[in-house]
Amino acid sequence: MAVRATKKSEAASRSTAVGIRRNGRPRTATASSRIYSDLRAELVSLQRRPGEAISEAEIALSHGVSRTPVREAILRLSDEGLVEIFPQSGIFVSRIPLAALPEAIIIRKALEETTARLAAERATSSQILTLHSILERQREADVAGDRDAFHHADETFHGTVAEVARYPGIWTLIQQVKVHVDRYRRLTLPQRGRMAQVIAQHEVILAAIERHDPAGAGAAMAAHLEKLLGDISATQHTNPEFFDERP
């Protein structure tokens with residue numbers, strides 16, 4: 001009986017040492033994923049501004065963890081180009097790379113032009129109603145001046161178009177490509193009339209989907225996303241400190 005108890009105690013100790021939860025997942029991995037998700041949201045939303053210093057110790061304290069999962073999360077963010085690590089100086093929020101924006105927007109445009117065409121071919125009445133509901137949320141956010149809610153509804157609109165097209169994986173791929181585009185887009189939302197302009201463009205896309213016009217839906221989506229290309233220079237001029245001009 002004592003031998004069995006000892007073995008159980010040893011097993012429990014080993015589990016505690018490697019940080020295993022009851023479901024078998026490492027505690028550090030779970031903490032790291034949570035911190036990564038929280039930090040990524042703060043970086044993409046510009047809650048943490050480009051050029052701002054990041055403190056591992058401060059993040060560890062706020063999340064109630066050691067610095068190990070924080071370091072793991074920051075390394076993942078560094079791989080995405082969202083933070084820069086300087087061994088002798090510290091960790092800083094990366095500036096938005098100007099050179100990367102056009103290519104990311106062009107990739108997104110090509111993919112979403114396709115999903116818009118397919119959505120126009122395949123949309124059901126209930127799916128069209130869902131898109132109208134999302135667009136209404138954007139209008140409400142515009143009236144309230146709620147840029148976070150507007151951005152969230154914008155993401156939902158584009159993601160739903162991909163779902164209606166029956167290729168949700170395309171939206172998953174786009175999200176990986178457009179991380180810096182999202183940061184840039186956040187800078188455009190405070191511009192006077194910008195949110196109303198986006199809504200008007202979404203209305204044209206949705207109207208084409210509703211009348212089952214693939215060519216019209218694809219063209220409307222392409223025109224909507226091309227606008228991002230045209231706005232880069234003006235946005236950079238307004239917020240030069242947020243951009244990295246290196247080739």
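Colleague: Let's start with leucine 46: does it count as buried or exposed?

Modeller: Keep in mind that this is a predicted model, where local features need pLDDT of at least 70, side-chain atom pairs count only at pLDDT 80 or more, and totals for chains, interfaces and linings use all residues. Residues are numbered from 1 along each chain as its sequence is written, and side-chain values use heavy atoms, leaving out hydrogens and water. Buried means under 20% relative accessible area, exposed over 50%, and partly exposed in between (1.4 Å probe, protein chains only). Leucine 46 has a relative accessibility of 5%, so it counts as buried.

Colleague: And where does leucine 46 lie?

Modeller: Helices (H or I, at least four residues) and strands (E, at least two) are DSSP runs, numbered from the N terminus. Leucine 46 isn't a glycine, yet its phi is positive, near 65°. You'll find leucine 46 in the loop between helix H2 (27-44) and strand E1 (53-54).

Colleague: Which residues does glutamate 42 touch, leaving out those up to four places away in sequence?

Modeller: Glutamate 42 sits in helix H2, and its relative accessible area of 19% makes it buried. Touching here is contact, meaning heavy atoms within 4.5 Å. With residues up to four places away set aside, glutamate 42 touches Gln47 and Arg48.

Colleague: Stepping back, how much of the protein counts as buried?

Modeller: The protein has eleven helices and five strands. Among contacts between residues at least 6 apart in sequence, 75% join residues at least 24 apart. Of the 247 residues, the share that counts as buried is 41%.

Colleague: How far apart are the end C-alpha atoms of helix H10?

Modeller: The expected span of a helix is 1.5 Å times one less than its number of residues. H10 (residues 194-210) has 17 residues, so it should span 24 Å. The modelled helix agrees, with its end C-alpha atoms apart by 24 Å.

Colleague: What do the buried residues of H10 pack against?

Modeller: Those buried residues include Arg194, Val198, His202, Ile205 and Ile209. An α-helix has 3.6 residues a turn, so residues three or four places apart point the same way. The buried residues of H10 pack against helices H5 (101-122), H6 (125-144), H7, H9 (179-188) and H11 (214-238).

Colleague: What is the phi of histidine 212?

Modeller: Histidine 212 comes after H10, in the loop between H10 and H11. It is partly exposed, with a relative accessible area of 41%. Although it is not a glycine, its phi is positive, at about 55°.

Colleague: How are H7 and H8 oriented to each other?

Modeller: Axes are lines fitted to C-alpha atoms, for helices over the stretch in contact, and angles run from 0 to 180 degrees between N-to-C directions. The axes of H7 (residues 147-164) and H8 (residues 168-177) come within 6 Å and cross at roughly 140°. Angles under 35 degrees count as roughly parallel, over 145 as roughly antiparallel, 65 to 115 as roughly perpendicular and the rest as oblique. H7 and H8 are therefore oblique.

Colleague: Which residues of H8 make that contact?

Modeller: From H7 come Glu155, His158, Gly159, Ala162 and Glu163. The H8 residues are Pro168, Trp171 and Gln175.
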